Amino acid sequence: MVPPVDDDDLVFKALADPTRRHLLDRLYERDGRTLTELESELAMTRFGVMKHLRVLEDAGLVVTRREGREKLHFLNPVPIRLVHDRWISKYAEHRVAALADLKQELEESA
Amino acid sequence: MSTMTAQATQVYQVFIKASPEQIWEAITRPEWTARYFHGARISVTPEHYLSLGPDDARWGDAEVFEFDPPRRLVHGWDSLYDPELAAEPTSRVTWEIEPQDGGYSLLTVTHDRLEQSPKTAASVSGTGWTMVVSGLKTLLETGEPLTA
């Protein structure tokens, strides 16, 4: 494994794709899934899903573990926390939080 | 975090610009853990894992299954800081430290055997372990505890 040492670029690039964000959301709901399970929820070839998972792995957002014959994929939230600490809390956390709350309230009441 | 179902196995991983020996020291000695582990003073010996809160309350008191400095530490986990969580079965925490190029180490924390401990699983997930692991990185790389 190539260490993505302090490389926010890899995290931002990995997050800049709807399919990869979708994969992270699926793992957030239920962790430790196989490629076959993840593939079944996407209208995409196995090879395509593998490519996206590789980008997420290189960014450190997904960690894999072998269990018997299966390779399980786990969401690693730490890089997102580090990007958050570096790029969000520093600049605008209070304002962003207020706006995010407002958006959620408006959308829920709509 | 409302939609999160508690995971029975949770994995947290981070690169830290520190040697395996420094990381080992930081996860096994109370003067280090107090600065990034929610204030807990944690002492780990080959026989015993003990975590004390600021008021000397026992936050964790568990068996050490593997003690292989500076690469691998496996210990039991009981959340004694909360009676509801403490009533659940003991789960397991594994720390793996692998040296990397450029003075970095890869730290992987796996909290598993949480199948019968859903409340503990929910409590340590999300910001729980994430804050500990990112706080440890910040402390070792900058010498400053994480301010949040």
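1. Domains of chain A. In this predicted model, chain A splits into domain 1 (1–76) and domain 2 (77–110). Their centres, taken over C-alpha atoms, are 23 Å apart. Seven residues of domain 1 of chain A and five residues of domain 2 of chain A make the contact between them. On the domain 1 side, the classes are four nonpolar, two polar and one charged.

2. Contact between the chains. Chain A puts 17 residues into the contact and chain B puts in 19 residues. On chain A, the elements that supply two or more residues are α2 (18–29), β1 (62–67) and α5 (78–87). Of these, α5(A) gives the most, with four residues. The chain A side that touches chain B holds eight nonpolar, three polar and six charged residues.

3. The sheet of chain B. Chain B has an open sheet of seven strands, ordered β1-β7-β6-β5-β4-β3-β2, with antiparallel pairing. The edges are β1 (10–16) and β2 (41–44) of chain B; each has a single partner strand, so one side of each lacks a neighbour in the sheet. From one strand to the next, the twist averages 20 degrees.

4. β2(B) pairs with β3 (residues 48–52) of chain B over four bridges, in the antiparallel sense.

5. Pairing through β5. Strand β4 (residues 58–68) of chain B and strand β5 (residues 72–77) of chain B are antiparallel, with four bridges. The two form a hairpin, with three residues between them. Here B:Val64 is bridged to B:His75 of β5(B). β5(B) is also joined to strand β6 (residues 91–99) of chain B, by six bridges and again antiparallel. In that pairing, the bridge partner of B:Leu73 is B:Trp95 in β6(B).

6. A residue within β6. Is B:Val93 buried or exposed? B:Val93 sits in strand β6 of chain B. The cut-off for a buried residue is 20 or more other C-beta atoms within 10 Å. B:Val93 has 21 C-beta neighbours inside 10 Å, so B:Val93 counts as buried. Neighbours within four places in sequence aside, B:Val93 is in contact with B:His75, B:Trp77, B:Val109 and B:His111. B:Val93 and B:Asp78 are 15 residues apart in sequence; in space, C-alpha to C-alpha, they are 10 Å apart.

7. The helix over the sheet. Helix α5 (residues 127–142) of chain B lies across β1 and β7 (105–112) of chain B. The angle between α5(B) and β1(B) is about 10 degrees.

8. The nonpolar core. The largest nonpolar core has 45 residues. Which residues have the most contacts inside this core? They are A:Val62, B:Ile23 and B:Val133, drawn from both chains. α5(B) gives the most to this core, with six residues. B:Val133 shows how the parts meet. Leaving aside neighbours within four places in sequence, B:Val133 is in contact with B:Tyr12, B:Val14, B:Leu107 and B:Val109, and also with A:Val78 of the other chain.

Technical notes. Residues are numbered from 1 along each chain as its sequence is written. Chains are lettered from A and ligands numbered from 1 in the order in which they are written. This is a predicted model: local features need pLDDT of at least 70, side-chain atom pairs count only at pLDDT 80 or more; totals for chains, interfaces and linings use all residues. Two residues are in contact if their C-beta atoms, placed from the backbone, lie within 7 Å. Ala, Val, Leu, Ile, Met, Phe, Trp, Tyr, Cys and Pro count as nonpolar, Asp, Glu, Lys and Arg as charged, and the others, Gly among them, as polar. Two strands pair if DSSP finds at least two bridges between them. Axes are lines fitted to C-alpha atoms, for helices over the stretch in contact, and angles run from 0 to 180 degrees between N-to-C directions. Domain bounds come from an automatic or database domain assignment. A nonpolar core is a set of buried Ala, Val, Leu, Ile, Met, Phe, Trp, Tyr and Cys residues joined through C-beta atoms within 7 Å. A residue is buried if 20 or more other C-beta atoms lie within 10 Å of its own, exposed if 12 or fewer, and partly exposed in between; C-beta atoms are placed from the backbone.
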